[in-house]
Amino acid sequence: MSKEKRNQLFFVAIITIAVLVLIGFAFIHPQLQTLSKIKANKKDALAKLQQINDTIKHTDATEAALASVTDALSHAEEDMASGDIYSWTYDTIRRFKIPYQVDIPQIGQPEMGNVDLLPNFPYKQVKFTVNGTAYYHDFGKFIAAFENTFPHIRIVNLTMDPLPPGPDGSTEKLSFRMDIVALIKSNSP
């Protein structure tokens, strides 16, 4: 082959390769990127579909869990204040103090309001003051048992003062004053 024909063939080959590269970058590469994006979107859509199918399959388990949580909440709310708040307050303290050597002659008027410990809490609270007398150890047992028995009730602002010695010379008796804060059931008035 002559040198001129070889050069022409070489230029034709270079131009053909350049045109093919240009076609590859101009037309084929964007199409491959589009196909890659479509493949990724399809993979995401299939993952979401699988998640939805799993959720549908677990509907019964979710309903059972909801029923269980609702039952647990209902059980937990049993010791919360409800109905006539003053009557509930008086009856709760009166019934609880029976086995303890604690004298509580005065239970203050309950004050209802929003829970002041946590903002946006879904329950209301009732706060009332209790005054009384007891021996130090009896009162300690009463406080411990009270807070362990009623997880939704807290004793706050507790003040204790010793009483003057009694006729038997005993100085262990004290007077106390405390505020009791209790949660109110959300469906209560």
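## Burial across the chain

A residue is called buried here when its relative accessible area is under 20%. By that cut-off, 23% of the 189 residues of the protein chain are buried in this predicted model. The accessible surface of the chain comes to about 13900 Å², and carbon and sulfur atoms account for 60% of that area.

## Overall layout

Let's walk through the fold. The protein chain holds 4 helices and 5 strands, and along the sequence they follow the order α-α-α-β-β-β-α-β-β. Take the contacts between residues at least 6 apart in sequence: 66% of these join residues at least 24 apart.

## The largest nonpolar core

The largest nonpolar core contains 25 residues. I104, F139, F142, F146, F176, M178 and I180 have the most contacts inside this core. At least two core residues come from each of α3, β1 (102-107), β3 (124-135), α4 (136-149), β4 (153-162) and β5 (173-184). Strand β5 gives the most, with 6 residues.

Setting aside its neighbours within four places in sequence, F146 is in contact with I93, F96, I153, I155 and I180.

## A closer look at T89

T89 is part of helix α3, which spans residues 85-97. Is T89 buried or exposed? T89 counts as buried because its relative accessibility is 1%, and the cut-off for buried is under 20%. Not counting residues up to four places away in sequence, T89 touches I107, P110 and F128.

Notes: Residues numbered from 1 in each chain as written. Predicted model: local features only at pLDDT ≥ 70, side-chain atom pairs only at ≥ 80, totals over all residues. Heavy atoms only, no water. Buried < 20%, exposed > 50% of the residue type's maximum accessible area, 1.4 Å probe, protein only. Contact = heavy atoms within 4.5 Å. Areas by Shrake-Rupley, 256 points an atom, 1.4 Å probe, with all protein chains shown as cover. Core = buried A, V, L, I, M, F, W, Y, C linked by side-chain atoms within 4.5 Å.
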